[in-house]
Amino acid sequence: MRVDSRRSPGQRAGLTRDAVLAAARAVLATDGIQCLTMRKLAERLGVRPNALYSHVTGKTELLDAILDDVLGEVATPAHDGDPRAELRRLMTSVHDVAREHPDLVPHYLAKRGLRGPNGRKLRAATEQLLARASLPPDKASEARRVLAVYAIGFAAFSETPPSGPVGDGAPPMRDSFATGLEWLLAGILGE
């Protein structure tokens, strides 16, 4: 059998980047981030590990791609809606998506930003909403960072077991998130 040397191992194996990401997300969902290795992923796909490197350079890039893929689940804001209401909906969606994928929250926080296509789209949508709310570009950029850190950070905090006794009268974490988001939006938007 003659091997086409112009094609990478991943291409010869019939893999696509989407297939690699889907399999990686499945491993992540069933086994957790600690078990997501290039070897385990290759086993799941029925290929040798070197076939994966045609699509990602390693685990860090794989996690970056999974994170960006997950960010595609965030609800897109309405272009003609009230900016404050759309910011609330957008940040709530970011928070909810982060809570659905707790293994990825530390990776997001370590990356300190959104670099993939879905992340850039989310960044642009947030800044457009803030601009529509009459924030100047420098303030909009800072406000976007604060809102993102709040939504993702609160999701990380929500995964931590409460330190106080159960039933100590504290509101559920979801309610606390919503209240804090309202306070943040009021401060950012000068209300």
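Let me begin with S93, which sits in helix α5, residues 83–100, where a helix is a DSSP run of H or I with at least four residues, a strand is a DSSP run of E with at least two, and both are numbered from the N terminus. Before I go further, this is a predicted model, in which local features need pLDDT of at least 70 and side-chain atom pairs count only at pLDDT 80 or more, while totals for chains, interfaces and linings use all residues. Residues are numbered from 1 along each chain as its sequence is written, and side-chain values use heavy atoms, with hydrogens and water left out.

Is S93 buried or exposed? S93 is buried, because its relative accessible area is 12%, and buried means under 20%, exposed means over 50%, and partly exposed is in between, with a 1.4 Å probe and protein chains only. If we set aside residues up to four places away in sequence, S93 touches E73, V74 and A75, and contact here means heavy atoms within 4.5 Å.

Now to A78, which lies in the loop between α4, residues 59–71, and α5. With a relative accessible area of 28%, A78 is partly exposed. Leaving aside neighbours within four places in sequence, A78 is in contact with E86, R89, L129 and R132. The C-alpha atoms of A78 and L90 are separated by 9.6 Å, and these two residues are twelve apart along the chain.

N118 is found in helix α7, and it counts as partly exposed because its relative accessibility is 22%. Which residues does N118 touch, not counting those up to four places away in sequence? They are D68, D69, L71 and G72. N118 and V74 are 44 residues apart along the chain, and their C-alpha atoms are separated by 9.0 Å.

S134 is exposed, since its relative accessible area is 65%. Its phi is near 75°, a positive value in a residue other than glycine. As background, most residues other than glycine have a negative phi.

On a 1 Å grid over the protein atoms alone, a cavity is a set of points where a 1.4 Å probe fits but cannot get out, whereas a pocket is an open set with protein on both sides within 12 Å along at least five of seven lines, and lining residues have an atom within 4 Å of a point. Grid points are joined across faces, edges and corners, and a volume is the space filled by probe spheres set on the points.

The second largest pocket has a volume of about 220 Å³. Its lining has 17 residues, and T76, P77, K121, L122 and A125 lie nearest its centre. Helix α7, residues 117–132, supplies the largest share of that lining, eight residues. By class, the lining has ten nonpolar, five polar and two charged residues, where Ala, Val, Leu, Ile, Met, Phe, Trp, Tyr, Cys and Pro count as nonpolar, Asp, Glu, Lys and Arg as charged, and the others, Gly among them, as polar.

How many cavities of 30 Å³ or more are there? The count comes to two, and the second largest cavity holds about 80 Å³ of space. Among the residues that line this second largest cavity are L67, V94, H101 and I152. The elements giving two or more residues to its lining are α4, α5 and α6, residues 105–111. That lining divides into ten nonpolar residues, one polar and no charged.

To finish, the whole chain. There are nine helices and zero strands, and 40% of the 191 residues count as buried. Among contacts with a separation of 6 or more, 69% are between residues 24 or more positions apart. As for confidence, pLDDT is the predictor's confidence in each residue, from 0 to 100, and the chain averages 86, with 85% of the residues scoring at least 70. Confidence is lowest in helix α1, residues 9–12, at a mean of 49, and highest in α5, at 95.
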